[in-house]
Amino acid sequence: MSEQQAWHTSRSSRRRGGAGRRRVASAAVALAAGVMTVGALAPASASAATGPDTVQQRLDALVKADGLPAALASVKDRDGRTRHYTAGVGDLATGAKVPVDGQVRIGSNTKTFTAVIVLQLVAEGKVGLDEPVDTYLPGLVRGEDIDGRRITVRQLLQQTSGLPNYTKYDLQPRYYEPRDLLDIALQHKADFAPGTKWAYSNTNYLLAGLIIQKVTGHTLGTEMDRRIVKPLGLRHTYLPAPGDATIREPHPKGYYRDSADGPLRDVTETEPSWAWAAGGMISTNSDLNRFFTALLAGRLLPDAQLAQMRTTVPADDLFGPGGRYGLGIVSRPLSCGGVYWGHGGDLPGYETRGGVTETGRAANVAVTGKPSDEPAMKRVEKVVDVALCR
């Protein structure tokens, strides 16, 4: 979608909200993978082994026609039955199969987790949506045309603050404290006056994460585990600690190209601190389906806060015609009518798209390697539409 939420490392992807700089992607992991021709497709899991269906066919096409190393998906129907799919290879150097429902870096899907915690704190009376950021982080947010006394918590979550996007600037492949990243953003002028426009900025969720830590007295990772991951039984989901560059469980390797015709580089292992509350989490397709299903079913937020989260503003420039942004969640129209709710995420090496419908269907798709052009990215997004509409 474009996330589409978006963590592309090229200039065009930054216009779509991307969070990784090319220098981070190429320098954080300098290992270039030996590129081999993508060979036989890994089979779908046993639950989907009755022959290629439209989801499988489209994943196969992403590998064959668009040159993506791996594609994997999980689709849950209204009765809770889940089917897993894979295509391509999980490791270009060895030809290893794509692990069924393998872990991936989920990029800006992390924003929905962060927003849920803020809204839980709202329900607990500890945070006010229309309170200024300065209420919780006094004096921290100051810059040219930037003043935390005039930016509200709601504007952070809805991407209407006007704060510059720190990931557009010169990030290095190293550890960052959240306040280091904030300092990068505050060196630049505000994009617009708070509340007057919509524009995707990872700085908004950097601040949301700092508010969570200030109000709770705990790390963001601790609050994610306590409030979301453990209650929902998301056994394959976590926020990596600073310095933890690995992916813990079976996963396809993530690849990145410095240019459209450049070689694929293995960027699987990367310092995660620069993405943090805006995009640092690791999960699986099925865990994301479980999370978004539970969220829309009211299992994580009271009705009042869920209604606030689902109050949206137009975001067509990033999410396509009909795309709308709520408080850390996106609604997008389906070709069969209605909408689905999710987010999506792009991080060097991995892209994820997915969401849930009002009727309880859920689908999430992950691919490795950045699609080479916008039409290819649209074909990734179309897999979600096909899965939710069939």
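This is a predicted model: local features need pLDDT of at least 70, side-chain atom pairs count only at pLDDT 80 or more; totals for chains, interfaces and linings use all residues.
Local features need pLDDT of at least 70, side-chain atom pairs count only at pLDDT 80 or more, and totals for chains, interfaces and linings use all residues. Residues are numbered from 1 along each chain as its sequence is written, and side-chain values use heavy atoms, with hydrogens and water left out.

The protein chain contains 13 helices and 15 strands; helices (H or I, at least four residues) and strands (E, at least two) are DSSP runs numbered from the N terminus. Of its 390 residues, 61% are buried, where buried means under 20% relative accessible area, exposed over 50% and partly exposed in between (1.4 Å probe, protein chains only). Among contacts (heavy atoms within 4.5 Å) with a separation of 6 or more, 70% join residues 24 or more positions apart.

Two packed helices are described by the angle between their axes and the distance between the axes. Helix α4 (residues 110–123) packs against α8 at an angle of about 75 degrees, and their axes are 10 Å apart. Axes are lines fitted to C-alpha atoms, for helices over the stretch in contact, and angles run from 0 to 180 degrees between N-to-C directions. The helices α4 and α8 are therefore roughly perpendicular to each other (65 to 115 degrees; under 35 counts as roughly parallel, over 145 as roughly antiparallel and the rest as oblique). From α4, residues including Phe113, Ile117 and Leu121 take part in the contact, and α8 contributes residues including Leu220, Met224 and Ile228. By class, this contact of α4 with α8 has 7 nonpolar, 3 polar and 2 charged residues. Ala, Val, Leu, Ile, Met, Phe, Trp, Tyr, Cys and Pro count as nonpolar, Asp, Glu, Lys and Arg as charged, and the others, Gly among them, as polar.

Leaving out residues up to four places away in sequence, Gln305 touches Leu119, Val122 and Ala123. With the same exclusion, Val386 touches Thr54, Val55 and Arg58.

The largest pocket holds about 350 Å³ of space. On a 1 Å grid over the protein atoms alone, a pocket is an open set of points where a 1.4 Å probe fits, with protein on both sides within 12 Å along at least five of seven lines; lining residues have an atom within 4 Å of a point. Grid points are joined across faces, edges and corners, and the volume is the space filled by probe spheres set on them. Of the 19 lining residues, Leu239, Pro240, Ala241, Pro242 and Trp276 lie nearest the centre. Helix α8 (residues 220–232) supplies the largest share, 4 residues.
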